[in-house]
Amino acid sequence: MNATLDDIRGVLIRVGPTQLLLPNATISEVLSYSPPEPVENAPAWLLGRLRWRGWRLPLVAFPALSGQGDEQASLGSKVVVFKALGGDPRLPFFALVTQGFPRLVTIAADNLLEESDSEGDALPFAVSARVRLNNDTAQIPDLDQLERSVREALAA
């Protein structure tokens with residue numbers, strides 16, 4: 001398959017029972033998991049804060065945040081550092097716990113299909129769409145909602 005100018009590079013990231021599809025440009029770095037510093041009175045999905053390049057990044061368990069499971073991190077997990085797009089100077093980055101390394105993919109309009117929801121099957125919290133990319137099913141996270149949730153949890 002030849003890439004065109006309209007194609008974008010993306011990543012598939014395994015998080016609990018699903019995988020997320022994101023533009024590659026949103027990812028800053030992939031790290032090995034290490035236990036984070038706890039955040040007092042935080043919801044279960046906010047695992048704590050990690051030190052990274054002078055920042056203390058909030059570490060999120062996406063399956064718990066989105067209501068799709070309570071899978072937590074283990075020593076074999078990875079951490080994906082994202083650029084926050086919300087413009088908050090106190091939260092320029094955040095991190096998600098993943099299972100394994102993100103997989104680079106080429107996203108072209110002709111190989112990305114939105115999956116229709118079954119009747120009454122609403123999208124999980126902080127998910128904007130379910131898609132099929134070639135033979136992979138994935139969810140596109142609502143990064144604005146994810147960042148808003150992190151900011152609210154840290155402010156509480």
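Once residues up to four places away in sequence are set aside, Gly-16 touches Pro-63, Glu-71 and Gln-99. Keep in mind that this is a predicted model.

**Gly-16**
- You'll find Gly-16 in the loop between strand 1 and strand 2.
- Gly-16 counts as buried because its relative accessibility is 13%, and the cut-off for buried is under 20%.
- Thr-98 sits 82 residues away from Gly-16 along the chain, yet their C-alpha atoms are separated by 7.5 Å.

**Gln-19**
- Gln-19 belongs to strand 2, and with 10% relative accessibility it counts as buried too.
- Its side chain reaches the backbone oxygen of Thr-137 at 3.2 Å.
- Leaving aside neighbours within four places in sequence, the contacts of Gln-19 include Leu-12, Ile-13 and Arg-14, plus Arg-103 and the run Asp-136, Thr-137, Ala-138 and Gln-139.

**Nonpolar cores**
- The largest nonpolar core has 23 residues, and Ile-13, Val-60, Phe-62, Phe-82 and Leu-146 touch the most other members.
- At least two residues of this core come from each of strand 1 (8-15), strand 2 (18-23), helix 1 (62-66), strand 6 (78-83), strand 7 (93-98) and helix 2 (143-155).
- Helix 2 gives the most, with 4 residues.
- Beyond its neighbours within four places in sequence, Leu-146 is in contact with Val-60, Phe-62, Leu-65, Phe-94 and Leu-96.
- Another core, of 13 residues, lies apart from the largest one, and its members include Tyr-33, Leu-50, Leu-59 and Val-79.

Terms used:
Residues numbered from 1 in each chain as written. Predicted model: local features only at pLDDT ≥ 70, side-chain atom pairs only at ≥ 80, totals over all residues. Heavy atoms only, no water. Core = buried A, V, L, I, M, F, W, Y, C linked by side-chain atoms within 4.5 Å. Buried < 20%, exposed > 50% of the residue type's maximum accessible area, 1.4 Å probe, protein only. Contact = heavy atoms within 4.5 Å. Polar contact = N/O pair within 3.5 Å; in protein donor to acceptor, adjacent residues only side chain to side chain.
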